[in-house]
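Reader: I am new to this structure and would like to learn how to read it. Please take me through a few features in turn.

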Amino acid sequence: WRAYGVDGVILFSDILTPLPAMGLDFNVTEGGQIEIDPVTTRDNFERRMLNTSFDPAKKLPFVADTLKILSEELRGRGVTLLGFIG
């Protein structure tokens, strides 16, 4: 961002990042295919969520750490930080 003098920085995270912390494990094959046990019913969803405590600060600390580092780096420089997952 410094080299180009931009007024915004975008932090992109893959949509799969929070899934293991939510009790939804997946596998990425060598060919890049994603294998996941889909949530197909409300009952299935509730069983997974009730058996897993979702604590982002504990299970995904690197996300908050990265946002903190970027925020501190950009503070007072007129640069906006935009983060999204998709």
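Author: Helices and strands are DSSP runs, numbered from the N terminus. The model here is a predicted one. In it, β1 (8–13), α3 (61–74) and β4 (80–85) each give at least two residues to the lining of the largest pocket.

Reader: Which element gives the largest share of that lining?

Author: Helix α3 does, with four residues. The space in the largest pocket is about 210 Å³. Its lining has 13 residues, and the closest to the centre are Leu11, Ser13, Val63, Leu67 and Phe84. By type, the lining divides into nine nonpolar, four polar and no charged residues.

Reader: How many salt bridges does the structure hold?

Author: Side chains of opposite charge can pair when their charged atoms come close. This structure holds three salt bridges. One of them joins glutamate 73 and arginine 2, at 1.8 Å from N to O. Glutamate 73 is in helix α3 and arginine 2 in the segment before β1, so the pair ties together parts 71 residues apart in sequence.

Reader: Is arginine 2 buried or exposed?

Author: Exposed means over 50% relative accessible area. Arginine 2 counts as exposed because its relative accessibility is 56%. Glutamate 73, at 28%, counts as partly exposed.

Reader: Where do arginine 42 and glutamate 46 lie?

Author: Both are in helix α1 (residues 42–50), four residues apart, so about one helical turn separates them.

Methods: Residues numbered from 1 in each chain as written. Predicted model: local features only at pLDDT ≥ 70, side-chain atom pairs only at ≥ 80, totals over all residues. Heavy atoms only, no water. 1 Å grid on protein atoms, 1.4 Å probe; cavity = no way out; pocket = protein on both sides within 12 Å on 5 of 7 lines; lining within 4 Å. Points joined across faces, edges and corners; volume = space filled by probe spheres on them. Nonpolar A, V, L, I, M, F, W, Y, C, P; charged D, E, K, R; others polar. Salt bridge = Lys/Arg side-chain N within 4 Å of Asp/Glu carboxyl O. Buried < 20%, exposed > 50% of the residue type's maximum accessible area, 1.4 Å probe, protein only.
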